[in-house]
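Reader: I'm new to this one and would like to know what the words used for it rest on. Can we look at it together?

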Amino acid sequence: MTKLPGEGGAPLFPFLLTSLYSGSSGNAWLLRCGPRAFLIDAGKSARTLTRALAACGMEPEELDGVFVTHDHGDHVSALPVFSARVPCPIYATEETAATLTASGVFRDRIVLLPAGESVRVGEVTVTSYPTPHDAPGSVCYRFSSDEDACGVATDVGCVTDGVLACLLGCRVVGVESNHDEERLRSGPYPYPLKRRILSPEGHLSNAACAALLRRLAEAGAEEVILAHLSRENNTPALALAAAREALADFPLVSVRAAAPDTPVEAAPLCRR
Ligand SMILES: [Zn+2]
Ligand SMILES: [Zn+2]
């Protein structure tokens, strides 16, 4: 159960979520909890990923698990090389694992974690949930300890029961705020691509993300990172404005926008 301020104080080992880089050029998250460290997705190159970890004071060897959401290149392109450098398991669904092995990741490095199932890593339980996205076996992840919870969900075309179950009640949240719908509709993307992004298996708009955030704030979310922002169809200012407007009744919720090339750390409002 998440401890909220005033209900027994802040967690002793809070989840510290960092977006290492985010967007269609590549995605990776670092999540730390006490002595544990997890990677969620591994886009870009192994070299770029290793450098981003180093900027956060981490070596790849210190990771306790790599959790892969789906097989799109912006989430897995570092893995064929990176997986050979890290001793920890690579967790993925069967569908994602098939693509990873075809791309050169050794099968014995992958631990299957089907949607809806959990794995315990030390004091942290990690549960995967199915996501509505145009990649077979696509999932999001919730990390829980006795005193804290963090959920990360990107590449979701809409907010399904699975996405809600992943994020609801989490104190720390990383969630997609991909595009401003008006910008996307009037922008330069070809029509089939616009239709793909706007579909229920595409990407989450600022407005849909903002509506979701209100529900998450009511359920105790305190630290939010908006992620997978489109370079062409969004700006950090637009995404943040939509989120903050929806969270007008929750002035103590910290909201930050992930960046395409630099780490952004979730943090309580008082530390900003
Ligand atoms: Zn993506
Ligand atoms: Zn994707």
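Reader: Where is Lys44 found?
Author: Lys44 is in the loop between strand S3 (36–40) and helix H1 (46–55). Helices (H or I, at least four residues) and strands (E, at least two) are DSSP runs, numbered from the N terminus. By the way, this is a predicted model: local features need pLDDT of at least 70, side-chain atom pairs count only at pLDDT 80 or more, and totals for chains, interfaces and linings use all residues. Residues are numbered from 1 along each chain as its sequence is written, while chains are lettered from A and ligands numbered from 1 in the order in which they are written.

Reader: Why does Lys44 count as buried?
Author: A residue is buried if 20 or more other C-beta atoms, placed from the backbone, lie within 10 Å of its own, exposed if 12 or fewer, and partly exposed in between. Lys44 has 23 C-beta neighbours inside 10 Å, so it counts as buried. Its phi is near 60°, a positive value in a residue other than glycine.

Reader: And what makes Asp155 buried?
Author: Asp155 has 27 C-beta neighbours inside 10 Å, so it counts as buried. Asp155 is in the loop between strand S10 (149–153) and helix H5 (161–167), and it has a positive phi of about 55° although it is not a glycine.

Reader: How do you know that the protein is as compact as a globular protein of that length?
Author: Let's start with the make-up: 9 helices and 14 strands. The radius of gyration is 17 Å, close to the 19 Å that the globule rule gives for 272 residues, so the protein is as compact as a globular protein of that length. That radius is taken over C-alpha atoms, and the rule is 2.2 Å times the number of residues to the power 0.38. Of the 272 residues, 49% count as buried.

Reader: Which residues of helix H9 are buried, and why are they said to be on the same side?
Author: In H9 (residues 236–246), the buried ones are Ala239, Ala242, Ala243 and Ala246. They cover an arc of only 95° around the axis, so they sit on the same side of H9. The arc is that of the directions from the helix axis to the C-beta atoms. The face turned away from the buried side carries the exposed residues Ala237 and Glu245.

Reader: What do the buried residues of H9 pack against?
Author: They pack against helix H8 (206–218), strand S12 (223–227) and strand S13 (254–257). Here, two residues are in contact if their C-beta atoms, placed from the backbone, lie within 7 Å. Among the residues of H8 that meet H9 are Cys209 and Leu213.

Reader: How do H8 and H9 cross?
Author: Their axes come within 8 Å and cross at roughly 35°. Axes are lines fitted to C-alpha atoms, for helices over the stretch in contact, with angles from 0 to 180 degrees between N-to-C directions.

Reader: Why is Val253 called buried?
Author: Val253 has 22 other C-beta atoms within 10 Å, so it is buried. Its place is in the loop between H9 and S13. Leaving aside neighbours within four places in sequence, Val253 is in contact with residues including Ala217, Val224 and Leu247.
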